[in-house]
Amino acid sequence: MAVPLPVRINLVSLAFTALVACVLTALGGYFLYFQQVEHAHSRARFAAGDLAERAGHMARLGLRPQDTAHFEEQCEAVIRNDPLLDEAGVLDPLGLVLHHYIRASASSLLLSDAFPMKEVFSFDGMERAEIRDPLNGGAVLGYTAVSINQDMVLRQTLRNVGWLVICALSLIAVGVLVQHVVFWKALGRPLAELVRTADEIQPDRLETIPPALERPRRDDIGRVYGALRRLIERLQEARFALLEQNAMLEVAVRLRTSELEHVNQALARDIERRKQLEEELRTQANTDALTGLTNRAFVVPYLEKRLAQAHRETHRLGLLLLDFDGFKCVNDTWGHAVGDRALQIMAQRMQQECRASDVLARLGGDEFLIVLEDFASQAEALGFCERIAAQFNEPVLVERLALSLGISIGLAIYPEHGSTLDTLLASADAAMYAIKQAGGGVALADQAFIMRREA
Ligand SMILES: Nc1nc2c(ncn2[C@@H]2O[C@H](COP(=O)(O)OP(=O)(O)OP(=O)(O)O)[C@@H](O)[C@H]2O)c(=O)[nH]1
């Protein structure tokens, strides 16, 4: 779980304050100890001086230190009156201990004959004074020495340090409390509110600024609130612009879609028209405009295909070449329009005579061609030719005119009269020409003629 920022700040601050307090307490303890030591030394100096001065007075009265036991009491009084002192003594000029008192609880005995004189003068825990003889020009009569109570110095120092620590801890506790209150009010609560407010911001609820951000604040948090408010305002603007753009985009897409639909429809119509046109063109290309029959362009490739199939399937195929007789005369006598109409009527008659499997084509002028299929014999094919020719027995009625037309038909049969389109056409043409010379009718191709051409 994340620790809130104010608590973290407090913890860091607490750790730092504790560190500072520890350092200050250590320095204070060190200082207190030396103060205490210095105080004990000054007490020892004073006691040693006092003892030496009393000994001087005694010497003025003619009593030397070694002559009176009064100094025993003096030494005891000094030690009893001051707990900071441990031991007091009077020594002769050579360092021999004349009078001496040591506290019962003292840890070690310093002033004894075993304690050398030079140690007395150099030992750090002891203060000394000279006993001067006022009657003898201040000659040295001996020495006084007072040692300090090290244990007591330490105990008192520790006691003082203890108080110091208590004071420091109390100060830290108060400081932390104050800090916590200050940080929570100045930072924690506003930050928590800021986080809650930021969490509540939703894209669809940007219309109103959260009330917490409207409250005026003059501190740094207030600046953060202001920044968040400005951010929301910019988001509002951006969202509004986005909605506008979306709406415009939707309209543009709708327009474009409808445009595309129109274009698509127009394109579909175009394609359909083009297909129809192509179909018409194909039909036109393969159709004779006057009679509506298929034309030469269609029938020649068709004939080639049927010939190939007949070759594969080994069946017969009939080819009829037809040419009107006396048609020029109709044109010349009654005009081209009457000739046209006669051509149309005769084409219709011939077509009616054909079966679905037969193909009638106009090659041009008054020349026609029929592809004949499904016949069992030459006689059957010739019978078909006769029926076609019989259509010309009836006069052709055009604009109250009864026109008489003849027909010459040359019949060539695959494979008897030719195995290729050219030879079949030539056979049929020769037969048709021959019968025309004979005055019209139906003629079967001459096999001998064919043999000659193919040879
Ligand atoms: N009305 C009309 N006449 C055409 C058309 N195409 C060709 N012709 C005419 O048809 C005639 C055909 O000539 P021919 O075959 O010599 O006429 P014909 O009188 O039948 O002579 P033969 O075939 O020898 O019996 C010509 O006068 C052409 O000008 C057409 O589309 N319409």
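A polar contact is taken here as a pair of N or O atoms within 3.5 Å. In the predicted model, a nitrogen atom of the ligand lies 2.7 Å from an N or O atom in the side chain of D340. Oxygen atoms of the ligand also take part in such pairs: one is 2.9 Å from an N or O atom in the side chain of R362, and an oxygen is found 2.8 Å from a polar backbone atom of K328. On its own, the ligand has 650 Å² of accessible area, 64% of which the protein covers.

The protein as a whole contains twelve strands and twelve helices. Of its 455 residues, 37% are buried. Among contacts in the protein with a separation of 6 or more, 64% are between residues 24 or more positions apart. The accessible surface of the protein amounts to about 27300 Å², and carbon and sulfur atoms account for 59% of that surface.

Technical notes
Residues numbered from 1 in each chain as written. Predicted model: local features only at pLDDT ≥ 70, side-chain atom pairs only at ≥ 80, totals over all residues. Heavy atoms only, no water. Polar contact = N/O pair within 3.5 Å; in protein donor to acceptor, adjacent residues only side chain to side chain. Areas by Shrake-Rupley, 256 points an atom, 1.4 Å probe, with all protein chains shown as cover. Helix = DSSP H or I, 4+ residues; strand = E, 2+ residues; numbered from the N terminus. Buried < 20%, exposed > 50% of the residue type's maximum accessible area, 1.4 Å probe, protein only. Contact = heavy atoms within 4.5 Å.
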